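Subject: A structure for you to look at

Hi,

Here is the structure I promised to pass on to you. Have a look at it first, and then read on for what turned up.

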Amino acid sequence: MSNFLFLFRGGDAQRIQQSPEEMQAHMEKWGAWMGGLKEAGKLVDGLPLNKDGKVVEKAGDVITDGPFAEGAEVVGGYLIVTADSLDAAIEISKGCPIYEHGGNTEIREIMSM
Amino acid sequence: MDAHKIVAHQFRHSYGAMVAALSKRFGIHHLHDIEDVVQESLFKAMKIWPFKGVPVHPQAWLIRTAGNALIDKLRADQRKRNIPSTNQHDSFEPTDPATNETIEDDQLQMIFMCCHPDLSERNQIILTLKLVAGFGNLEIAAALLQKADAVAKAYTRAKKKIRDQAVKLVTPIEIGLSSRLPIVLKIIYLIFSEGYRTHFGKAPIQKDLCYEAIRLALLLDRNKYCSKPNTHALLAMMSFHASRFETRVDEDGCIIDLEQQDRSIWDQELISIGRRYLSKSTDASNEPTDYLFQAIISYHHCKAKTYVDTAWDKILALYDMELTRRYTPIIALNRIVPLMMAHGFEIGLDALQTYKNQARGPINTLYYAIKARLLEMSRNIDGAIDAYKDAIKISDNEAETKYLIKRKEALLE
């Protein structure tokens, strides 16, 4: 058993164009997917992220809006999921609604101490 | 509460509630910004709620979020133009703690604003569906059988007009209210029809949309300038139709037609509400109103013990009266149904031929479905199957297509 970080990227540009009805439908899919993970005891943590952020480099000498401030590369949220293996984590991520609007999931195993 | 367990159409309803509340508080001239913050608030809810759960009062959360976003936006604009901040609004709390009543009043005002006589009727409808009912452009296009980009263009133009005339677009009272009433009723009728005919979405009956239309009509009815025979006739018609909700669709999402519906589970309470409004409508005036025709037909269906026992001769007479009052090809086509039920398939087939040759009406799914039923009655099974095939070919409604396929397959057995 390990914990895995799911980073959700992209899709927001399309999503904000949706009608209220479509947005609600999309939200309900996320709710159902996460609810399922929670019930199965696989959901450790997770939060959505604001799209605005900064990238700080050189101890603050360089502060930019970051390479990911626009478009498909924006990280919209993260989850920490527990799974037997990377393959099992990938399997879990396949049910995620992020792919509906061209978004993707980056999955990283969290190192254990 | 889990994010997948919130009320159906919550976002759509909240869209209208937010636009109405913010327009009332900040002024319709900010409409463009209001729409932006409303959309962003829904987007925010969409992202946060699955993680954190739905707030106890979702609509109040949305209105407050949108209000605060609007204040931030207006402040930022002031700073940009070097106007000192007036500090008028620090944070947005709805004046009345967002009671349903306040929201309803705001929405009523918004409908009448959308129905300003300076706007074309089509644009009034589009504005209301967008700003009051919270429809997207695609949904509006489907409801009005128009192209989505045409709707988007019309909406942009209509919105500009509303903004340009912001000062003039105040809620009219008394005479103003009743002179705008017909268009407001028509819009409510369209909202109801959209839900009832289910152009859009997976749910075969978007009940909430129909109930929303009824709710808006009841809202009008509580205003003495809007409580008119036409309002009552519309309410009667919608109540009768809504009484059949539970019987219109089977577990597989397939339409059950009037003939096959289980009449014992029609909602008697809604039928009696419909009857009350129907008698109110006919008491007040002898003049036929737009919705009375449909209300009475619906009433005859609600009253009938079986499909065959329906008072088809009376319904046919109503169609004939209505065609004299205002002829439309659609009504002429629909008339063939009571005609064949009252007088048989031969006369029905003649009428269908006449319609095709003379009425210049649409040769649509309904046309082929009626043709199929007539041929079925005349035992021309091959002809009926072909007619169903034609109907299926041009049907653009999933539930309707399923129904037609089922009928066709029943004939093949």
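Let's start with a term you will need: on a 1 Å grid over the protein atoms alone, a cavity is a set of points where a 1.4 Å probe fits but cannot get out, and its lining residues have an atom within 4 Å of a point. Grid points are joined across faces, edges and corners, and a volume is the space filled by probe spheres set on the points.

Please keep in mind that this is a predicted model, where local features need pLDDT of at least 70, side-chain atom pairs count only at pLDDT 80 or more, and totals for chains, interfaces and linings use all residues. Residues are numbered from 1 along each chain as its sequence is written, chains are lettered from A and ligands numbered from 1 in the order in which they are written, and side-chain values use heavy atoms, with hydrogens and water left out.

**The cavity**

How many cavities of 30 Å³ or more does a search of the whole structure find? There is one, and the largest cavity holds about 170 Å³ of space. Its lining has 16 residues, and Asp12(A), Arg15(A), Trp30(A), Gly76(A) and Lys47(B) are the closest to the centre. The largest share of this lining, four residues, belongs to α2(B). Helices (H or I, at least four residues) and strands (E, at least two) are DSSP runs, numbered from the N terminus. By class, eight lining residues are nonpolar, four polar and four charged. Here Ala, Val, Leu, Ile, Met, Phe, Trp, Tyr, Cys and Pro count as nonpolar, Asp, Glu, Lys and Arg as charged, and the others, Gly among them, as polar.

**Where the chains meet**

In chain B, 27 residues are in contact (heavy atoms within 4.5 Å) with 25 residues of chain A. The area buried between the two chains is about 2100 Å², and carbon and sulfur atoms give 70% of it. Buried area is the accessible area (1.4 Å probe) that two parts lose on being put together, summed over both.

Two salt bridges are counted between chain B and chain A; a salt bridge is a side-chain nitrogen of Lys or Arg within 4 Å of a carboxyl oxygen of Asp or Glu. Arg12(B) and Glu21(A) meet in a salt bridge through their side chains, at 3.6 Å from N to O.

**Chain A itself**

Chain A has three helices and six strands, in the order β-α-α-β-β-β-β-α-β along the sequence. Over all chains, the structure holds 20 salt bridges. In chain A, the side chains of Glu106(A) and Arg9(A) form a salt bridge at 2.7 Å, N to O. Glu106(A) lies in strand β6 and Arg9(A) in strand β1 of chain A, so the pair ties together parts that are 97 residues apart in sequence.

Happy exploring!

Note on methods: 1 Å grid on protein atoms, 1.4 Å probe; cavity = no way out; pocket = protein on both sides within 12 Å on 5 of 7 lines; lining within 4 Å.
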